[in-house]
Amino acid sequence: MRVLVLGGTGVIGSAVVREIIARGHEVLGLARSETSATKLRQSGATPLSGDIAAPERWVTALPHVEAVIHMACDFTSDMAAVDRRLLDALLPALAAQPHRARFIYTGGCWQFGATGEEAATEASPFDPLPAFAWMVPHLGRVLASPHIDGIVIHPAMVYAGAGGAFRRFAREAVERDAIRVVGSEAVRWALVHSGDLGALYALALERAPNGESYMGASVEAMPIGRIARAFARRYGTARQEPDIISSDAIAAELGDWARGYALDQRLSGAKARRELGWQPKHLDPEAEIARLA
Ligand SMILES: NC(=O)c1ccc[n+]([C@@H]2O[C@H](COP(=O)([O-])OP(=O)(O)OC[C@H]3O[C@@H](n4cnc5c(N)ncnc54)[C@H](OP(=O)(O)O)[C@@H]3O)[C@@H](O)[C@H]2O)c1
């Protein structure tokens, strides 16, 4: 398929680009800078100059594509308006293409609030983190759009080695005398390795029916204290016990969206395994941390 990727240089996007190119798809990647264009070229994609904050400048000259995968976000206070204007411009442009296009939209685990013991599934009601509540109508719009095949993927917390959601743990393990965790050591995150998530997007691109959503979670729930302690052990951090900080403290440092780090969640990726044949390979993050270089 000929696929336009938005956010193809990010934590999720770079894994998705790698996977779909390996499976023989042709990838065009939106690039807002020469740095992003270079990264896309290096991964085998063709850069298309444009910014999601100014979609009118590039959707009018949209090349013919069979699918769009949207994984771009700048995490600023403007992200809701940027995403709404993007959908306002892009969905009609896709509807005007000669063939019906597939559109994969990235939701997220933080749409499902603190879940308690029962794992959230695609059928669970939304209970979004306030900073991402704007996304709920966008999800509905993509799934209900009559002129495209809309599909949603809700990634769990995405990690790869010491990167993605693990980057802060790895950095603090070497830069501070203790790693900080938000809320409590007992807060659980659902996790997915970026390579496994890339495979899920590829399966969704090739097989998902119109209107379906999938949780991208391979590890249902892992206490963040165990992740922090695994990094502290691996890098010989002075104090092995993590420092507990409040969600107010992390929000002051990174923005309100970072309150999501304190959400205690359990998410099920069973639907993607059952219906798309997804077979995630990374099921033991602690063992992976112990093996890090
Ligand atoms: N990572 C997770 O654990 C996780 C979990 C669940 C959901 N999500 C959701 O997944 C999406 C992507 O997350 P991520 O972690 O992959 O983010 P990321 O690593 O920060 O990547 C963001 C991507 O968006 C691109 N981008 C940002 N602003 C842009 C603009 N104005 N125009 C064009 N491209 C722009 C960036 O490109 P350049 O910087 O190269 O220009 C980059 O490719 C977000 O909506 C996030 O909420 C993430």
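**Note on helix packing and the ligand site**

1. Helix α4 (residues 79-95) packs against helix α5 (residues 135-144) at an angle of about 15 degrees, and their axes are 11 Å apart, where axes are lines fitted to C-alpha atoms, for helices over the stretch in contact, and angles run from 0 to 180 degrees between N-to-C directions. That angle makes α4 roughly parallel to α5, a label given to angles under 35 degrees, while those over 145 count as roughly antiparallel, 65 to 115 as roughly perpendicular and the rest as oblique. Helices here are DSSP runs (H or I, at least four residues), numbered from the N terminus.

2. This is a predicted model, in which local features need pLDDT of at least 70 and side-chain atom pairs count only at pLDDT 80 or more, whereas totals for chains, interfaces and linings use all residues. Residues are numbered from 1 along each chain as its sequence is written, and side-chain values use heavy atoms, with hydrogens and water left out.

3. The crossing of α4 and α5 is left-handed, meaning that the near helix is turned anticlockwise from the far one by less than a right angle, with clockwise giving a right-handed crossing. On the α4 side the contact (heavy atoms within 4.5 Å) involves Ala80, Asp83, Arg84, Leu87, Asp88 and Leu91, which meet His138, Arg141 and Val142 of α5. By class these residues divide into four nonpolar, one polar and four charged, where Ala, Val, Leu, Ile, Met, Phe, Trp, Tyr, Cys and Pro count as nonpolar, Asp, Glu, Lys and Arg as charged, and the others, Gly among them, as polar.

4. Helix α1 (residues 11-22) and helix α7 (residues 194-207) have axes 8 Å apart and pack at an angle of about 60 degrees, and are therefore oblique to each other. Their crossing is right-handed. The contact of α1 with α7 has 10 nonpolar, three polar and one charged residues, including Glu19 of α1 and Ser194 of α7.

5. For helix α6 (residues 167-175) and helix α8 (residues 224-235), the axes come within 9 Å and cross at roughly 45 degrees, in a right-handed crossing. Phe169, Ala170, Ala173 and Val174 of α6 make the contact with Ile224, Ile227, Ala228, Phe231 and Tyr235 of α8, and this contact has nine nonpolar, no polar and no charged residues.

6. Around the ligand there are 23 residues, of which Thr9, Val11, Arg32, Asp51 and Val158 come nearest, a residue being near if one of its heavy atoms lies within 4 Å. Among the polar contacts (pairs of N or O atoms within 3.5 Å), a side-chain N or O atom of threonine 9 is 2.5 Å from an oxygen atom of the ligand. A nitrogen atom of the ligand lies 2.7 Å from a polar side-chain atom of aspartate 51, and a polar backbone atom of isoleucine 52 is 2.9 Å from a nitrogen atom of the ligand.

Key:
Helix = DSSP H or I, 4+ residues; strand = E, 2+ residues; numbered from the N terminus. Polar contact = N/O pair within 3.5 Å; in protein donor to acceptor, adjacent residues only side chain to side chain.
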